[in-house]
Amino acid sequence: MHLHRRKFNTFVMSAGCLVIAPAQAIGLADLSSGDASKGLKLALEKGSEMAVQLLGAQDGFWGNEQVRIGLPEVVNKGAKLLKTLGLGKQLDALNLQMNRAAEAAVPLSKQLLTQSIQSMSVQDAKGILQGGENAVTQFFASKTRAPLSIAFLPSVRQSLENLGVVDQFNAVALKVSGRGLMDKDKANLESHVTAKTLDGLYFMIGEEEKKIRQNPAQAGSALLSKVFGALR
């Protein structure tokens, strides 16, 4: 009797395993469009939070070569000559303060990023998820860069003005424009810093997406584990 019961229990456990296994080994085809879309947005929210945390700190931009903001191209082209004219220290100070302005502006973007993610329409979440290691971030950038640039500009402008970057830039522009090196009317510092700040944000969000894809189980979310685990 005990032997039969033991065999029966073993069969029940085995049968249970057969039922559980397919649920754990869910594939992309088994994933609902709703879960795929929610997972995509949650990954962006997680990436955005991490990006703001990292970039909005001291040396978030300046201390990271991958996102550090350089001088506008029109200034950079004549940088060597400008340094021979004794403007080296001014250029270095300008470059540093541009990055400081980005670091100060980034925390102000958190709400904008969250709103953009939540309101974003995703029609083919499964297709986007399969697009590559940072396909979700690329999709987000394609949908939000233009509106975020407009919305982000006032924050960058305020940070640049508070740190005296505009005055520094104008001083350099005034000294070199007469030498034919630079047309200060065409050198829009605010737009340059805004664009590079967004570049940095998207880059860091993409880095977080890569981490989630590489190890979904460690993403800290059952939904992320389910959605990105289905791609493996």
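**A helix pair and a loop serine**

Reply: L112, L113, S116 and I117 in α6 meet F140, T144, L148, A151 and F152 in α8, where contact means heavy atoms within 4.5 Å. The model is predicted: local features need pLDDT of at least 70, side-chain atom pairs count only at pLDDT 80 or more, and totals for chains, interfaces and linings use all residues. Residues are numbered from 1 along each chain as its sequence is written, and side-chain values use heavy atoms, with hydrogens and water left out.

Me: Are α6 and α8 parallel, perpendicular or oblique to each other?

Reply: Helix α6 spans residues 110-119 and helix α8 residues 135-162. Under 35 degrees counts as roughly parallel, over 145 as roughly antiparallel, 65 to 115 as roughly perpendicular and the rest as oblique. α6 and α8 are therefore oblique.

Me: Is S109 buried or exposed?

Reply: S109 lies in the loop between α5 (88-105) and α6. Buried means under 20% relative accessible area, exposed over 50%, partly exposed in between (1.4 Å probe, protein chains only). The relative accessible area of S109 is 1%, so S109 is buried.

Me: Which backbone oxygen does the side chain of S109 reach?

Reply: Leaving aside neighbours within four places in sequence, S109 is in contact with V52, F152 and L201. F152 is also one of the α8 residues that meet α6. At 2.5 Å, the side chain of S109 reaches the backbone oxygen of V106.

Terms used. Axes are lines fitted to C-alpha atoms, for helices over the stretch in contact, and angles run from 0 to 180 degrees between N-to-C directions. Helices (H or I, at least four residues) and strands (E, at least two) are DSSP runs, numbered from the N terminus. A polar contact is a pair of N or O atoms within 3.5 Å; within protein, one must be able to donate a hydrogen and the other to accept it, and residues adjacent in sequence count only if both atoms are side-chain atoms.
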